[in-house]
Amino acid sequence: MPVSLDTKTAHHLFENCYPLHPITALLLLTLCQKVAQNERTLFNYLGGSAPLSLTKKLDQLQAGEFVLPADIFDYFLTGQILTNDLKVQRTAVEVNSAIERFSTNNTEEISLLKTIGLLNVIGKIPASKSLLGLCDSFFKANIQNLEQWSIVYYRKFNNEYRVWQGSDFDINAELAEQEAQLCALNIANKLNEISVFLPFVAKKYSIEKHSLFYFKPLFINISEYKKEDKQVINPRIIFCLSDTPKDKEVFKAKLVQHFSQQDICVLLSNSEQIKQVIKNQTALEYIKTHNSVAQQDPVVQRV
């Protein structure tokens, strides 16, 4: 039960969430934040018409039955995962890989495995025996087969079940090592190299003038703006990556005046996040192509 709610209020809240199981209701919002687009994805799940959405699940339920955590696993964590969080993505891949390895027709055991995997992905609530027992009436029998197949293992020190990743390769440690070697990577050059954006077409102008007019995207570091040509044949949208708090002042006072009036200059407020994502992606690509152990590891290849 959420610590911010008293027992009476919590009971009333969860009763009104029916047919969502109380554990499902607790996990749903955090799951949307972890692997998708927050409220937008939540509303799509609750009111959308996708095959695994809540509205479709309601057609299958009998009175008194719940929408269990395994059901939202099917909607959010089966197939392509929409997240930049590598840890979340890897955990989801490990769980799906474990489901594929587990040869059984027992749907209850599969549901239990998905519940454990869902809790592992979210990370805030441990997959304890008591919690899993709330989601599975036959928990003791079902968990036994999962453990015998080495699909899950129990960590006694914190009373938590984890899905065995099926991999002995520590990708997080390898990523940290590779990222440390990328401290001199020029992120702007890398973004230009991989062509993040296609040219931006000025549609209205092009239609009215019967001539294609477009802006070419260009990433630059604010500290290196003087290295770029002041004007080129085709106008540009110049995305500016900052390194220090003072770069904002440089952008307004000097950088914008440096370039042609045909160019559009954009200060990226999330420069640090962009840099981290590019470093992470570059390191991951290097590991996949140069690390012989990773090349033989099916889990790593799917991350």
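**Note on the predicted model: pocket, cysteines and salt bridges**

1. The lining of the second largest pocket is made up of seven nonpolar, four polar and five charged residues. Here Ala, Val, Leu, Ile, Met, Phe, Trp, Tyr, Cys and Pro count as nonpolar, Asp, Glu, Lys and Arg as charged, and the others, Gly among them, as polar.

2. A word on the basis. This is a predicted model, in which local features need pLDDT of at least 70 and side-chain atom pairs count only at pLDDT 80 or more, while totals for chains, interfaces and linings use all residues. Residues are numbered from 1 along each chain as its sequence is written, and side-chain values use heavy atoms, with hydrogens and water left out.

3. The second largest pocket has a volume of about 260 Å³. Of its 16 lining residues, L68, T107, E108, S111 and L112 are the closest to the centre. A pocket is an open set of points on a 1 Å grid over the protein atoms alone, where a 1.4 Å probe fits, with protein on both sides within 12 Å along at least five of seven lines; lining residues have an atom within 4 Å of a point. The volume is the space filled by probe spheres set on the points, which are joined across faces, edges and corners.

4. Helix α7 (107-122) and helix α5 (69-76) each supply at least two lining residues. The largest share comes from α7, with seven. Helices are DSSP runs (H or I, at least four residues) and strands likewise (E, at least two), numbered from the N terminus.

5. K114 pairs with D74, with the closest N and O atoms 2.6 Å apart. K114 lies in α7 and D74 in α5, 40 residues apart. Both K114 and D74 are buried. A salt bridge needs a side-chain nitrogen of Lys or Arg within 4 Å of a carboxyl oxygen of Asp or Glu. The model has nine.

6. R236 and D263 form another, at 2.7 Å between the closest N and O atoms. R236 is in strand β5 (residues 236-241), and D263 is in the loop between α13 (247-258) and β6 (264-267).

7. E224 and K227 meet at 3.9 Å, N to O. E224 is partly exposed because its relative accessibility is 27%. K227, at 67%, counts as exposed.

8. Disulfides (cysteine sulfur atoms within 2.5 Å) number zero. The closest cysteine sulfur to that of C265 is in C240, 5.3 Å away, so too far for a bond.

Terms used. Buried < 20%, exposed > 50% of the residue type's maximum accessible area, 1.4 Å probe, protein only.
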